[in-house]
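Me: I have a structure open and have never looked at it before. Can you walk me through it?

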Amino acid sequence: MPWGEIKDTAAERRLFQRRALVMLVVVFLLLAGLAARMYQLQVAEHDIYTTLSDKNRVQVQSVPPPRGLVYDRNQVLLAENRPVFSVTLVPERVGGMDETLEQLERILEVSEEDLERFERRLREPRRPFQEIPLRYDLTEDEIARLAVHRHRLPGVEVRAELVRYYPHSELTAHALGFVGRINRDELQRIDPVNYAGTNYIGKSGVERFYEKLLHGEVGYQHVETNARGRILRVLERESPSPGEDLQLHLDLRLQARAHELLDGRRGAIVAIEPKTGGLLALASVPGFDANKFVTGISVPDYRELSESKDKPLFNRALRGQYAPASTLKPMLAIAALDSGAVTRDQTIWDPGYFQLKPGGRRYRDWKRGGHGWVDLTHAMAQSCDVYFYEAAVEMGVDTMHSYLSRFGFGEDATLDVSGALSGLLPSPDWKRAMRDEPWYPGDSVNLGIGQGFMLATPLQMATATALIANRGEWVEPRLLKGIEGDQSLDGFLPSETHEPLKLQNPDDWEFIVEAMAEVMHGSRGTARGAGRDAPYRMAGKTGTAQVFSLAEDEEYDAEEIRERLRDHALFVGFAPVENPEIAVAVIVENGGGGSRTAAPVARALFDAWLLEFADTGNDSLVSKTDSQSEAL
Amino acid sequence: MSVREVYTSTASNPLGRPRGFWSALHLDPVLLILLTALIIGGLFVLYSGADRNFDVVKAQAIRFGIAFVVMLVFAQLDPSVFRRWAPWLYAAGLAGLVAVLLVGVGAKGAQRWLALPGLPRFQPSELMKLVVPMMAAWYLSRHFLPPRLPRIGMSLIVVLLPMALIAVQPDLGTALLVGMAGLFVVFFAGMSWRLISAFAVMISVAAPVLWFFGMRDYQKQRVLTLLDPQSDPLGAGWNIIQSKTAIGSGGFEGKGWLQGTQSHLEFLPESHTDFIVAVLAEEFGFIGMLVLLSIYLLIILRCLFIAVVAQDSFSRLIAGALTMTFFIYVFVNIGMVSGLLPVVGVPLPLISYGGTSTVTLMAAFGILMSVHTHRRMISA
């Protein structure tokens with residue numbers, strides 16, 4: 001080896017040492033830089049990152065308040081909350097929606113309907129990170145299987161949710177209404193904070209009207225979640241304040257009886273307690289099972305209900321607008337007496353028809369040969385049309401309109417009945433505006449027997465009847481009887497607005513009530529059959545309304561056409577005459593005559609209320625538990 | 001007694017001289033203790049980073065066992081063996097890289113693996129982390145140092161060719177490490193500072209060109225994300241935000257072993273692989289990080305020392321380059337996790353979960369030990 005190479009080796013070694021020293025400095029500096037960076041993050045900015053880390057893992061969750069329960073007047077539970085286990089998905093957290101759904105279908109039974117409903121909700125606008133339920137009412141087995149697979153299913157959760165349940169839904173659906181999932185419009189309307197954890201909202205009836213009271217106030221909890229949003233533990237909790245429990249005037253026994261009485265028919269029964277205006281029964285038959293609507297009704301189920309000829313979804317008691325026919329006569333009689341159009345003893349000759357002028361059109365009486373000489377009492381008892389034709393012409397439309405409106409016709413006079421319609425109380429102004437025609441005297445003639453343009457709901461008829469039972473004292477119909485804890489209803493129940501109907505001669509009330517008693521108990525009363533052998537006295541008025549409309553495209557077989565073209569049977573009345581405890585309006589669609597079909601229904605209700613249920617009529621919320629079981 | 005032996009005996013540092021038992025095993029006890037401390041500490045962090053999955057720790061321990069055997073084997077070989085084999089290994093490595101591009105298998109849009117029948121799957125690019133500096137060291141040490149310009153040019157080609165082949169796989173992280181390993185050889189060989197400055201200027205000019213023509217969209221995205229993680233907090237910026245949050249929330253003392261919320265609640269991605277240092281920082285705090293950086297520093301110091309006292313140029317160059325490559329691992333990984341550097345796939349050496357890089361790293365330490373323990377002794 002040449003000498004020169006040894007020298008060079010030493011030089012190379014020195015060169016390398018210099019370079020290594022440079023690298024050593026670089027390593028020192030860069031590692032110091034890393035340490036400085038760590039100091040910056042971990043010491044200087046520690047607080048910032050602690051906050052970030054906590055924000056990551058700790059989330060504030062809203063805890064929905066349990067919805068208030070609803071009881072009838074005897075503390076029978078009408079609406080409760082049941083825990084239901086459902087599987088929900090948070091789309092923001094689900095890895096692949098299609099694969100996840102596919103996997104879930106292997107684990108659970110997921111029907112076409114569930115999927116369809118789920119996908120519909122997926123497309124609807126919603127809050128971010130809101131859970132969308134896929135299937136309700138999971139079985140224990142399915143919950144266990146989900147638990148096994150859940151690590152592979154981010155964004156999928158099993159939720160125990162309190163879901164509204166109506167134990168007597170077929171009976172109460174129309175009176176109570178129901179809750180359902182919050183929809184797009186409601187989302188705009190509700191307070192986003194208070195409803196942050198709530199999925200359901202009152203859609204109709206009591207559930208809708210008292211939504212605020214029933215809902216309660218939202219609570220919060222701080223939870224620790226992982227990156228996939230799975231809750232690991234609850235750190236802190238502020239409990240929600242539950243919704244108020246409500247007691248209604250409704251009596252489930254009477255409601256059930258009303259449904260029994262109308263079973264197999266279509267119709268409505270409204271029963272009011274005249275002293276309080278409380279609605280004792282609000283039946284529209286056929287009813288339906290509102291529980292199906294709570295978690296979202298399936299398309300075939302909905303179609304079956306909505307396309308049924310019997311229209312079970314139609315609330316006849318509140319929204320069925322019928323010609324009141326002869327049931328309007330007591331109110332018209334009051335108007336005629338008070339306005340001086342007739343006197344108590346004045347008689348007219350009824351030849352079986354009425355003419356405005358000799359040789360003019362004949363307005364016929366229901367009784368072909370006529371009633372002969374009749375005074376007001378007879379005209380009421382026998383429902384003489386000609387007497388009321390003449391009285392109507394004598395009064396004129398303005399007088400009739402004025403009195404009838406004070407009976408609550410043409411308006412929604414209810415305090416807390418959601419969705420009640422106001423019927424139609426015709427006037428010349430109305431006719432000009434709507435039909436561009438003047439008011440003819442013939443229109444007044446028709447109004448005199450509650451036909452023509454006049455429309456009223458069963459609830460309005462019952463309200464007007466209760467007014468007569470109260471001898472002019474107004475009681476607006478209402479459902480709410482009490483709030484748990486004996487809270488005052490002020491501020492929750494709207495205030496009463498109607499002035500009492502004062503007559504120039506208050507004794508006229510008694511006269512008309514006696515005339516209505518004649519209907520039930522008189523030897524020629526149209527409802528004497530229904531009033532026979534009663535241990536109490538009742539007052540009433542029958543009515544028979546012509547069926548005026550039938551859509552041409554509706555398909556019926558011949559038998560059915562005959563059935564559905566029959567007149568509607570109506571009845572209004574109250575009992576006992578002296579100290580009324582119940583006022584009712586009954587309508588049986590296509591039931592034929594009011595005296596034969598509707599009046600016996602009312603008698604059965606009177607008997608039930610006054611005789612059968614009399615002993616347990618008025619409990620308060622205090623004795624909630626013991627009376628629950630015995631009712632029904 | 002040859003001239004060479006006289007030289008070595010005078011120059012050798014008594015502290016660095018292996019003796020007795022360790023000498024017979026060709027192991028360096030200082031390096032071995034440091035590595036063992038790092039690996040055992042790392043397994044504890046891994047247990048936490050893998051969310052208490054003991055199987056992961058077990059698998060990693062087995063890998064370390066294999067890697068340790070590889071290190072042992074490499075340590076037994078004389079440095080001259082590496083020198084003689086360097087050109088052949090280099091040629092084989094290049095062939096492997098070309099084969100990967102043609103018939104390689106891979107995932108996530110990158111072809112990195114070569115599956116030859118009868119052999120386990122392996123990444124030629126991983127092998128090149130050792131072979132490229134070996135080749136460069138072989139090439140440069142054959143002549144006087146410092147090398148002249150043409151030699152430097154040639155050696156740069158030797159380095160950049162495999163680097164380019166790896167970069168197009170694409171595997172930016174490995175390309176970077178392979179390139180750096182080779183360039184460190186050139187640097188240690190004595191490339192003049194003037195040339196280095198000239199190259200630095202050239203690179204800063206070429207960077208925009210690389211940006212517009214050379215980088216893939218996802219790579220650009222990583223750089224942009226580094227500059228402004230908040231621009232895409234749920235996407236590409238997520239990793240950086242979460243790892244910085246993990247590190248920062250650890251504070252001075254840390255949240256305690258297994259108590260890290262960022263990692264255990266799954267906010268931190270890749271918490272047992274590339275981002276494992278964030279787990280350590282979260283659970284052991286600033287103190288833990290100082291300990292980690294100190295161990296790395298001590299390892300690097302020991303290795304540089306081994307390089308400095310090595311007996312011939314090839315040994316010095318390869319030892320110096322492998323040491324600095326190890327440092328680059330550390331710096332790039334921690335820099336990336338703490339948000340100083342863009343996200344590139346570089347594991348934290350000897351702590352991150354993963355097989356191939358562990359074996360390569362331990363092989364590199366085997367070479368270093370070989371350099372240190374195969375010394376020409378004074379025979380008389």
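**A first look at the two chains**

Me: Start with chain B. Of contacts between residues at least 6 apart in sequence, what share join residues at least 24 apart?
Reply: In chain B that share is 72%. Two residues are in contact if their C-beta atoms, placed from the backbone, lie within 7 Å.

Me: Is this an experiment or a prediction, and how are things labelled?
Reply: It is a predicted model, where local features need pLDDT of at least 70 and side-chain atom pairs count only at pLDDT 80 or more, while totals for chains, interfaces and linings use all residues. Residues are numbered from 1 along each chain as its sequence is written, and chains are lettered from A and ligands numbered from 1 in the order in which they are written.

Me: What is the average pLDDT of chain A?
Reply: Chain A averages 86, and 93% of its residues score at least 70. pLDDT is the predictor's confidence in each residue, from 0 to 100.

Me: Where does it stay under 50?
Reply: Residues 1–7 of chain A do so, and the model has 4 contacts for them beyond four places in sequence. Residues 549–556 of chain A are also below 50, and that stretch has 4 contacts beyond near neighbours in sequence.

Me: Back to chain B. How many helices and strands are there?
Reply: Chain B has 15 helices and 2 strands. Helices (H or I, at least four residues) and strands (E, at least two) are DSSP runs, numbered from the N terminus.

Me: And how much of chain B is buried?
Reply: 51% of its 380 residues. A residue is buried if 20 or more other C-beta atoms lie within 10 Å of its own, exposed if 12 or fewer, and partly exposed in between, with C-beta atoms placed from the backbone.

Me: How do α6 and α7 of chain B pack?
Reply: Helix α6(B), residues 124–141, and helix α7(B), residues 149–167, pack at about 175° with their axes 10 Å apart. So α6(B) is roughly antiparallel to α7(B). Axes are lines fitted to C-alpha atoms, for helices over the stretch in contact, and angles run from 0 to 180 degrees between N-to-C directions. Angles under 35 degrees count as roughly parallel, over 145 as roughly antiparallel, 65 to 115 as roughly perpendicular and the rest as oblique.

Me: Which residues meet there?
Reply: Those from α6(B) include Met128(B), Val132(B) and Tyr139(B), and those from α7(B) include Arg151(B), Val158(B) and Ile166(B). By class, the contact has 10 nonpolar, 2 polar and 1 charged residues. Ala, Val, Leu, Ile, Met, Phe, Trp, Tyr, Cys and Pro count as nonpolar, Asp, Glu, Lys and Arg as charged, and the others, Gly among them, as polar.

Me: How many residues does each chain put into the contact between A and B?
Reply: Chain A gives 34 and chain B gives 43. On the side of chain A, α1 (3–44) and α2 (46–57) each supply at least two residues. The most comes from α1(A), with 21 residues. That side of chain A divides into 20 nonpolar, 7 polar and 7 charged residues.

Me: Now sheets. What is the order of the 3-strand one in chain A?
Reply: The order is β1-β8-β9, in an open sheet with antiparallel pairing. Two strands pair if DSSP finds at least two bridges between them. β1 (58–63) and β9 (231–238) of chain A stand at the edges with a single partner strand each, so one side of each has no neighbour in the sheet. From one strand to the next, the twist averages 30°.

Me: What about the 5-strand sheet?
Reply: Its order in chain A is β12-β11-β20-β19-β18, open and antiparallel. The twist there averages 5° from one strand to the next. β11(A), residues 267–273, pairs with β12(A) over 7 bridges, and Ala271(A) has Ala281(A) as its bridge partner.

Me: Last one: is His151(A) buried or exposed?
Reply: His151(A) is exposed, because 9 other C-beta atoms lie within 10 Å. His151(A) is in the loop between α5 (140–149) and β5 (156–165) of chain A.
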